[in-house]
Amino acid sequence: DTATATVTIEDNVPPTATAQNLTIQLGNNGQASITATDVDGGSTDNCAVALVSINTGNFDCSNVGANTVTLTVTDVNGNTSTDTATVTVEDNVAPNVITQNVTVTLVNGQASITANDIDGGSSDNCAIASITANQTTFTCADLGANNVVLSVTDVSGNTTTDFATVTVNEQPMTAIV
């Protein structure tokens, strides 16, 4: 005597999602991207992993700092599990400083500039927080060419400096008739 039986084997065991933390750098364009494999720390399944995905992979200047990314692992039988990773986005790109030389004329023995007067269009991949000059006031002691340091700091604390020449001229004498 023989009988036939149908045995249905089911895989109801979800995969083990294992995420790993990651630190990435923004590029000169202020952007960075990752893939699911970048945060997958060795996810496994009792049968086989079919798909590994993340909820976000593109980052920009607004994401500087810690970001939570969800890793989703799906096995060949449709079971899923998730884990989270911290993706730390850093901006280590220093600002691009462009200076321009200026000439000022003393009035009553004094002249002044602002940092923006010697900034020739500095830029950054994210945003500039401050532009400063190490000298903004001039007197008779500063006649001639003066090297002034322009410092540009971005919102991530990166600073670049360069020199501009501030030429100080005397106030022309007017003849009294």
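Predicted model: local features only at pLDDT ≥ 70, side-chain atom pairs only at ≥ 80, totals over all residues.
Visitor: Which elements is the chain built from?
Guide: Two helices and 12 strands. In sequence order they follow β-β-α-β-β-β-β-β-β-α-β-β-β-β.

Visitor: How much of the chain is buried?
Guide: Buried residues account for 32% of the 177 residues. The chain exposes about 10400 Å², and carbon and sulfur atoms supply 46% of that area. As for contacts with a separation of 6 or more, 60% of them join residues 24 or more positions apart.

Visitor: Why is Asp 124 called buried?
Guide: Buried means under 20% relative accessible area. Asp 124 has 17%, so it counts as buried. It lies in the loop between helix H2 (115–118) and strand E9 (128–133).

Visitor: How do you know that the side chain of Asp 124 has a polar atom by the backbone nitrogen of Cys 126?
Guide: The distance is 3.0 Å, and a polar contact needs N or O atoms within 3.5 Å. The backbone nitrogen of Ala 127 is 3.2 Å from a polar atom of that side chain, which again is within the 3.5 Å cut-off.

Visitor: What else is in contact with Asp 124, leaving aside neighbours within four places in sequence?
Guide: Asp 91, Val 93, Ala 94, Pro 95 and Asp 154 are in contact with Asp 124.

Visitor: Why is Asn 63 called partly exposed?
Guide: The partly exposed class runs between the 20% limit for buried and the 50% limit for exposed. Asn 63 has a relative accessible area of 21%, so it is partly exposed. This residue sits in the loop between strand E4 (58–60) and strand E5 (65–75). Apart from neighbours within four places in sequence, Asn 63 is in contact with Asn 58 and Val 89. Asn 63 and Leu 26 are 37 residues apart in sequence, and their C-alpha atoms are 9.7 Å apart in space.

Visitor: What makes strand E7 (102–105) and E9 the edge strands of their sheet?
Guide: The sheet is open, with four strands in the order E7-E12-E11-E9 and mixed pairing. E7 and E9 each pair on one side only, and they are the edge strands. On average, neighbouring strands of this sheet are turned by 30° against each other, direction ignored.

Visitor: How do you know that E7 and E12 pair?
Guide: Pairing requires at least two bridges, and E7 and E12 have four, in the parallel sense. Thr 103 stands opposite Thr 167 in E12.

Visitor: In what sense do strand E11 (residues 144–154) and strand E12 (residues 159–169) pair?
Guide: They pair in the antiparallel sense, over 10 bridges. With at least two bridges as the requirement, E11 and E12 count as paired. The bridge partner of Leu 150 in E12 is Asp 162.

Visitor: Which residues make up the covered face of E7?
Guide: Val 102 and Val 104 do, whereas Thr 103 and Thr 105 form the uncovered face. In a regular strand, side chains alternate between the two faces of the sheet.

Conventions. Residues numbered from 1 in each chain as written. Heavy atoms only, no water. Buried < 20%, exposed > 50% of the residue type's maximum accessible area, 1.4 Å probe, protein only. Polar contact = N/O pair within 3.5 Å; in protein donor to acceptor, adjacent residues only side chain to side chain. Contact = heavy atoms within 4.5 Å. Axes fitted to C-alpha atoms, helices over the stretch in contact; angles between N-to-C directions. Areas by Shrake-Rupley, 256 points an atom, 1.4 Å probe, with all protein chains shown as cover.
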